[in-house]
Amino acid sequence: MDFNVKKLASDAGIFFTRAIQFTGEKFGQVEKTELDAHFENLLSRADSTKNWTEKIFRQTEVLLQPNPSSRIEEFLYEKLDRTVPSRPNNEELLGHYMQDAAKDFGPGTPYGSTLIKVGDCERRLGSVQREFLQTSAIGFLTPLRNFLEGDWRTISKERRLLENRRLDLDSCKARLKKSKLAEMCLSLPLSCCPAAFQLWSEEVDKAEHELRVAQTEFDRQAEVTRLLLEGISSTHVNHLRCLHEFVEAQTAYYKQCHLHMQDLQKELDRFPNAFAGNPGHSMASGGSSPLDPASAVETDTLKIEEVQAPATGTRKAKVLYDYDAADTSELSLLADELITVYTVPGMDSDWLVGERGNQKGKVPVTYLELLS
């Protein structure tokens, strides 16, 4: 192995000199070159951008993936440059459970058929969420991560290099100051050491040369760092565009979820009310049923067989599900048949009067699809 002792010693000397200069500045014993106000503002703006970008990035990760274990797993797979295994999300898993339960309970039962509909909707919601997560990760999280792991690391590296150049510059200034002070002392009339005076004059020339070199390197590094810091404005513009895309993705996601839920609600509204005609449930919930006294009074009062269809206001309805009449005041129904329905004053809004030929009776609204 090529081991350069001279270079190692030189680097150690430079590090030691910088440490002395840094310590002296902390205790206020030596002078420090201050950056101009514009440069300091650029530094402050860059630090603020880094800090807030990091917080927004971390919280967005939490929003998109609340499970810490899953985030760690995704991070490890990313570092290993491997694809994260595809697994069902919570909505998709719930949808699978509901549909499997429906198979066990019977897809033809009201509960089973409803489970199938809701489970299918949950699976669609899971698919929409998966698409939203992918879009947000590519369009919003990736640019933020690229800034933190790319541009910011470059800026930090150049800032550290600028700080080292400044320490070198201030060390050269201190060395030149000491050399000039020693030369001045040896040039006094009482001095009787011309050789020492000559030696310190050479030291002054050497220190001035080193100062010029250090000043040139500092100025060059300051310009490089300044250009990188001014690029923060472009970073803001890029992140602004990504933020708009993130909002658009969220809007599309919630809109699709809303549409899916609306469709599900419409489908469920067409399903029969599982508690219609259930005396136990109605009495437990404080409501009325066709078999309770209040309903009996209503039936006796209306006398369905004597009710006449109004001249206007009748409608055609398609029967959605089979229905067995609970008593003589109701009309039994067969799925997919067409009947004529209408309402009369004093009737519960959950019921209509239905007619099929010469047959007439009360029918539940939830079993019908009104056509006209």
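In which helix is the place of Arg18? The views below begin with that residue. This is a predicted model in which local features need pLDDT of at least 70 and side-chain atom pairs count only at pLDDT 80 or more, while totals for chains, interfaces and linings use all residues. Residues are numbered from 1 along each chain as its sequence is written, and side-chain values use heavy atoms, with hydrogens and water left out.

View 1. Arg18 is placed in helix α1, residues 5-26. Helices (H or I, at least four residues) and strands (E, at least two) are DSSP runs, numbered from the N terminus. With a relative accessible area of 19%, Arg18 is buried; buried means under 20% relative accessible area, exposed over 50%, and partly exposed in between (1.4 Å probe, protein chains only). Apart from residues up to four places away in sequence, Arg18 touches Asn164, Arg165, Leu167 and Asp168, where contact means heavy atoms within 4.5 Å. The C-alpha atoms of Arg18 and Leu167 are separated by 5.7 Å, although the two residues are 149 residues apart along the chain.

**View 2. Overall arrangement of helices and strands.** The protein has nine helices and five strands. Along the sequence the pattern reads α-α-α-α-α-α-α-α-α-β-β-β-β-β. Of the 372 residues in the protein, 32% are buried. Among contacts with a separation of 6 or more, 70% are between residues 24 or more positions apart.

View 3. A nonpolar core is a set of buried Ala, Val, Leu, Ile, Met, Phe, Trp, Tyr and Cys residues joined through side-chain atoms within 4.5 Å. The largest such core has 39 residues, and Phe39, Phe132 and Leu229 have the most contacts inside it. Two or more residues of this core come from each of α2 (37-64), α4 (90-105), α5 (110-186), α6 (194-230) and α7 (232-269). Helix α5 gives the largest share, 17 residues. Beyond its neighbours within four places in sequence, Leu229 is in contact with Phe39, Leu42, Leu43, Ala46 and Ile155. A second, separate core of 17 residues includes Leu331, Leu333, Ile339 and Val353.

**View 4. The five-stranded sheet.** Five strands form an open sheet in the order β4-β3-β2-β1-β5, with antiparallel pairing. Strands β4 (359-364) and β5 (368-370) stand at the edges with a single partner strand each, so one side of each is left without a neighbour in the sheet. On average, neighbouring strands of this sheet are turned by 40° against each other, direction ignored; the axes are lines fitted to C-alpha atoms, for helices over the stretch in contact, and angles run from 0 to 180 degrees between N-to-C directions.

**View 5. Pairing of β1 with its neighbours.** Two strands pair if DSSP finds at least two bridges between them. Strand β1 (residues 315-319) pairs with β2 (residues 338-342) in the antiparallel sense over four bridges. Arg315 stands opposite Val341 in β2, and Ala317 stands opposite Ile339 in β2. Strands β1 and β5 also run antiparallel and are joined by three bridges, with Val319 opposite Leu368 in β5. In a regular strand the side chains alternate between the two faces of the sheet.

**View 6. Aromatic pairs.** Rings of Phe, Tyr and Trp (its six-membered ring) pair if their centres lie within 6.5 Å; planes under 30 degrees apart count as stacked, over 60 as edge-to-face and the rest as tilted. By this rule there are eight aromatic pairs. Tyr253 and Tyr254 form a tilted pair, at 5.0 Å centre to centre and 50° between the planes. Tyr253 is buried at 12% relative accessibility, whereas Tyr254 is partly exposed at 49%. The ring centres of Tyr321 and Tyr367 are 6.1 Å apart with the planes at 90°, so this pair is edge-to-face. Tyr321 lies in the loop between β1 and β2 and Tyr367 in the loop between β4 and β5, so the pair ties together parts that are 46 residues apart in sequence. Tyr321 is partly exposed at 23% relative accessibility, and Tyr367 is buried at 11%. One aromatic cluster is formed by Phe132, Phe140, Phe246, Tyr253 and Tyr254.

**View 7. Lysine charges over tryptophan rings.** A charge sits over a ring if NZ of Lys or CZ of Arg is within 6 Å of the ring centre and within 35 degrees of the ring normal. The charged end of Lys55 sits over the ring of Trp52, 4.6 Å from its centre. Lys362 lies over the face of Trp351, 4.9 Å from the ring centre.
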